[in-house]
Amino acid sequence: MIPIARPQIGEEEKMAVLEVMESGMLAAGRKVREFEEAFASLIGMEYAVATSSGTTALMALMNCLGLRPGDRILVPDFTFVATANSVLSAGAEPVFCDIEADSFNMCPDEARKALQADPAIRGILLVHLYGLPCAMDEFLDLAEEYGVLLLEDAAQAHGALYRGRAVGSFGQASIFSFYPTKNITTGEGGMVLTKDPDLAEKVRLHINHGAPRRYHHEVLGYNYRMTDIAAAIGLEQLKKLPDFNGKRQENASIYQEELKGIPGLTLPRIDVDCEHVFHQYTIRTRERDDLAAYLQAEKIGTGIHYPIPLHQQPLFRERTNENQSFPQSQKASKEVLSLPVHPALSEEELAYVVDMVKKYYQ
Ligand SMILES: Cc1ncc(COP(=O)(O)O)c(C=O)c1O
């Protein structure tokens, strides 16, 4: 079976973990600080707080923005549920926004309409889906024009560039995930980045029982800390990120070349001014379910990211305005199919996936 994801853990990670084990200091310590500094410097943000997952990074961030009940945050309708759940966790309401048909990211024109219609929207939480940067120029302008926060869920976009600048460095704050399927992993883990020192301090307290010193609890907080074991893995993975992303891009470019021109198959958009890091290589086709079943039978793992738009999830159905429609995310949820693009894919495996997709369309 060719899996849709395969984490790449080498001797370096194993040795780094062993070193932490032998030090006897397993929880958050020196390695976490080192990983925070290295990651902040890679992305180009001043402050970083490592967390136990991308979800806890999102929750800590949203809970430290000073949101009040009734405040609303614009989120894409087509993303992993944690993006929207983090807004709920802070007592605010997610407002869903439709996506662009070709990038799968939040549509700036739809975002403008939402901001015009709803003065309770306090922020835009973008998702750089599949590793493709959002239209940042448009969103920076919109955030300024409407005086709202700009936040980035870059869980899928480590090292992706928009006009030469790393995503996760554009908004007031951003988050990343280091789940095993992501472009780099720490097992489980996440990171909040910000240029605002006060926000960084609040997040640091929030993820550590609200305690600046042991047993001195100033505000409500939790245990969302990363461990030194995870951070040690992350530090080694970070060194490999350029190679991992390079391999993903190489694999994607082979798909682009080999699969182009097949009627009924739409390949991912590649922007000249962006660096897509292909967390997923996602095609779209009306025969999605049939193609997925065919590839499964040929021992090729695929993924559907995501089969249900957020506004249709039972959790959100009754919170969504009935008059709103999300034609693009609805259509995408029926048509998207992610093919294996991970860096551990061999040449033979890639060629086999290409052959099987071509065979399906013959
Ligand atoms: C867009 C997005 N946001 C948030 C998350 C949550 O990250 P984690 O799985 O590390 O909690 C994910 C991970 O799947 C994601 O893809």
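Trainee: Which residues of helix α4 (residues 81–89) are buried?

Mentor: The buried residues of helix α4 are Ala82, Thr83, Ala84, Ser86 and Val87. Buried means under 20% relative accessible area, exposed over 50%, and partly exposed in between, with a 1.4 Å probe and protein chains only. Helices (H or I, at least four residues) and strands (E, at least two) are DSSP runs numbered from the N terminus. The model is predicted: local features need pLDDT of at least 70, side-chain atom pairs count only at pLDDT 80 or more, and totals for chains, interfaces and linings use all residues. Residues are numbered from 1 along each chain as its sequence is written, and side-chain values use heavy atoms, with hydrogens and water left out.

Trainee: What covers the buried residues of α4?

Mentor: Contact is the criterion here, meaning heavy atoms within 4.5 Å. The cover includes the helices α3 (54–63) and α10 (314–317), together with the strands β2 (72–76), β3 (93–97), β4 (121–127) and β5 (149–153). After α4 comes Gly91, with a positive phi near 80°.

Trainee: Which residues other than glycine have a positive phi, and where are they found?

Mentor: Most residues other than glycine have a negative phi, and most peptide bonds are trans. Tyr215 has a positive phi near 65° and is found in the loop between α7 (197–206) and α8 (228–259). At 65% relative accessibility, Tyr215 counts as exposed. Lys299 also has a positive phi, near 65°, and is found in the loop between α9 and α10. With a relative accessible area of 51%, Lys299 is exposed. As for the peptide bonds, a cis bond joins His305 and Tyr306, with omega about 15°. Tyr306 lies in the loop between α9 (288–297) and α10.

Trainee: How is a pair of aromatic rings described?

Mentor: The description uses the distance of the centres and the angle of the planes. Rings of Phe, Tyr and Trp (its six-membered ring) pair if their centres lie within 6.5 Å; planes under 30 degrees apart count as stacked, over 60 as edge-to-face and the rest as tilted. A search of the whole structure finds 15 aromatic pairs. One of them is the tilted pair of Phe35 and Phe178, at 5.2 Å centre to centre with 55° between the planes. Phe35 lies in helix α2 (residues 30–43) and Phe178 in the loop between β8 (173–177) and β9 (190–194), so the pair ties together parts that are 143 residues apart in sequence. Both Phe35 and Phe178 are buried.

Trainee: Why is the pair of Tyr360 and Tyr361 edge-to-face?

Mentor: The planes of the two rings, Tyr360 and Tyr361, stand at 85° and the centres are 5.0 Å apart, so the pair is edge-to-face. Tyr360 counts as buried, at 17% relative accessibility. Elsewhere, Phe78, Phe80, Phe104, Tyr130 and Tyr306 form one aromatic cluster.

Trainee: What is the strand order of the open sheet of three strands?

Mentor: Two strands pair if DSSP finds at least two bridges between them. The order is β7-β6-β10, with antiparallel pairing. β7 (165–166) and β10 (274–275) stand at the edges, each with a single partner strand, so one side of each is left without a neighbour in the sheet. Strand β6 (residues 161–162) pairs with β7 over two bridges, and Leu161 has Ala166 as its bridge partner in β7.

Trainee: Which domains does the assignment give?

Mentor: Domain bounds come from an automatic or database domain assignment. The assignment gives domain 1 (11–98 + 105–236) and domain 2 (242–361). Their centres, taken over C-alpha atoms, are separated by 25 Å, and 32 residues of domain 1 are in contact with 31 residues of domain 2.
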